[in-house]
Every structure is written in structure tokens, then in C-alpha cells.
Amino acid sequence: MSELDAALLFEITLRTLAVCGIALVASLVLGLPIGIALGRRRFRSRLALVSVINSGMGAPPVVIGLIVALLLWRGGPLGAFGLMYSTSAMVIAQILIALPLVVGITLAAVGALDADWELQVRTLGVPPRWRLLLMLREIRLGLLAAVIAALGGILSEVGAVLMVGGNLEGETRVLTTSILMYVGMGEYEAAIGVATVLIGLMLVLAGLLTAVQQSDRN
């Protein structure tokens, strides 16, 4: 790649990390409390809600993109905000993709605790404010798995971000949409270069999280 191409690739990579990072943090802030609450409590509509979450874990990202596009389009309920074809729209789409993964895996991690775990900590006289911290420690490996799954899901996504972001140069173009664009233009060398960067990012980020996860087992 030329020097200009390298600068452009660096810009696209930074934008990709920014969009994915914001979406990941938001999905964790929203998803972890929901997953923990669903894992600890039993109520009448819980089964239906968990079924919706499990369905969301396997929802096609392009469908998520369509839903966000319909909401943000000029005539949609949120069209007045003018978010269509912006990085904000891409973040929203990625949050909706990652959120079911975070909630579902967190819920499964809480459900894997011993059935009498809550009773045990109460018997030991642990104050309520410390019970949550103890639970987070117990399910920390599951939480790391949720982070890895959510990160992988949004970092490699293309359909939804292309639909709501538009792949605008200097504004919404990210690594995945760049690969698709270069392939469409027949510039396979450029596509391979961008793909190499994307795979490298995935390997580094997933490797770091996996190292933390596995070291915690030792």
C-alpha cells in the first residue's frame, strides 16, 4: 500500500475500534445487570423473556440493521434526530447485536451457580451489598466469555453497519465495509490488506481476553 493508503487504513482502523469499543461498553453496562437479574430472580414472564433473549443471540445482524434503519430513517420514529448514515447509528446497531449475547451468556453463568449458593451466602451473614461482588467473582469466567462473544460479534459485522452507516469515506467507513467495497471494485489486494488488519485485531483482542480468562483458572 502507498503512504496515503496506509494513512487511510489507520483512520479506518481507529474508527472501527472507536465504534466497536463504545458499542461493547454500552452493551456490557446494559446487559450485565439484566443477565444477573434474570439469573437470580423468578417471575411469571421470565421464560418468555429468556426465550426472546435466546432468539436475539441468533438474530441475523442484517435484520437488526433493518430495524435500526426503519427507526432512524427520515420518516421513522427517531428520524428527527438525523442519526441515519452516522457512526451513532452504527453504534446503536452494534449494541442491539451484542446485547443479547451479553445478557444470554451472563444469565447462563449465573444459572450455573449452585442452586443453594444464595442461601449459603445468606447463612454466612454476608451483607446484601457484598453478595453481588461475590457473585461477580464466582461468574467472572462467564463474564469474560460474554465480552469475547460480544466483541467478536460486532467487530466482524458488516451487514447492519453498512445498512445504517452507508460506508461513507472519512465518516462511517470501517474495516468490514472497506473489505466489501474493495471486493466489489475488484481491488483484491487492497481487500486482502484490510482483511489482514481486521483478522490481526480480532486475534490480538481475543487473545488478550482469552489469556486473562485462562490465567484465572490457574
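This is a predicted model: local features need pLDDT of at least 70, side-chain atom pairs count only at pLDDT 80 or more; totals for chains, interfaces and linings use all residues.
The lining of the largest cavity divides into five nonpolar residues, three polar ones and one charged one. The protein has ten helices and zero strands.

**Overall layout**

- Read along the sequence, the pattern is α-α-α-α-α-α-α-α-α-α.
- The C-alpha trace spans about 65 × 45 × 25 Å along its principal axes.

**The cavity**

- The count comes to one cavity of 30 Å³ or more.
- The largest cavity has a volume of about 40 Å³.
- Its lining is made by Thr16, Cys20, Gln94, Ile154, Leu155, Glu157, Val161, Val174 and Thr176.
- Helix H1 (3-40) and H7 are the elements that give two or more residues to this lining.
- Rolling a probe the size of a water molecule over the atoms shows where empty space is left.

**How to read a helix pair**

- Two packed helices are described by the angle between their axes and by the distance between the axes.

**H4 with H7**

- Helix H4 covers residues 87-111, and helix H7 covers residues 140-155.
- Their axes come within 9 Å and cross at roughly 160°.
- Angles over 145 degrees count as roughly antiparallel, so H4 and H7 are roughly antiparallel to each other.
- H4 passes H7 in a right-handed crossing.
- On the H4 side, the contact is made by Gln94, Ile97, Ala98, Leu101, Val102, Ile105, Thr106 and Ala109.
- On the H7 side, the contact is made by Gly142, Leu143, Ala145, Ala146, Ala149, Ala150, Gly153 and Ile154.
- By class, the residues of this contact are twelve nonpolar, four polar and no charged.
- Gln94 and Ile154 belong to this contact, and both also line the largest cavity.

**H3 with H4**

- Helix H3 (residues 61-72) packs with H4 at an angle of about 135°.
- The axes of H3 and H4 are 9 Å apart.
- H3 and H4 are therefore oblique to each other.
- The crossing of H3 and H4 is right-handed.
- From H3 come Pro61, Ile64, Val68 and Leu72, which meet Ala89, Ile92, Ala93, Leu96 and Ile97 in H4.
- This contact of H3 with H4 has nine nonpolar residues, with no polar and no charged ones.
- Ile97 of H4 meets H3 here, and Ile97 is also part of the contact with H7.

**H2 with H4**

- Helix H2 (residues 46-57) packs with H4 at an angle of about 125°.
- The axes of H2 and H4 are 8 Å apart.
- H2 and H4 are therefore oblique to each other.
- H2 passes H4 in a left-handed crossing.
- H2 brings Arg46, Val50, Ile53, Gly56 and Met57 to the contact.
- H4 brings Pro100, Leu101, Val103, Gly104, Ile105 and Leu107 to the contact with H2.
- The contact of H2 with H4 has eight nonpolar, two polar and one charged residues.
- Leu101 and Ile105 of H4 take part in the contact with H2, and Leu101 and Ile105 also take part in the contact with H7.

Conventions. Residues are numbered from 1 along each chain as its sequence is written. Side-chain values use heavy atoms; hydrogens and water are left out. Axes are lines fitted to C-alpha atoms, for helices over the stretch in contact, and angles run from 0 to 180 degrees between N-to-C directions. Helices (H or I, at least four residues) and strands (E, at least two) are DSSP runs, numbered from the N terminus. Angles under 35 degrees count as roughly parallel, over 145 as roughly antiparallel, 65 to 115 as roughly perpendicular and the rest as oblique. A crossing is left-handed if the near helix is turned anticlockwise from the far one by less than a right angle, and right-handed if clockwise. Contact means heavy atoms within 4.5 Å. Ala, Val, Leu, Ile, Met, Phe, Trp, Tyr, Cys and Pro count as nonpolar, Asp, Glu, Lys and Arg as charged, and the others, Gly among them, as polar. On a 1 Å grid over the protein atoms alone, a cavity is a set of points where a 1.4 Å probe fits but cannot get out, and a pocket is an open set with protein on both sides within 12 Å along at least five of seven lines; lining residues have an atom within 4 Å of a point. Grid points are joined across faces, edges and corners, and a volume is the space filled by probe spheres set on the points.
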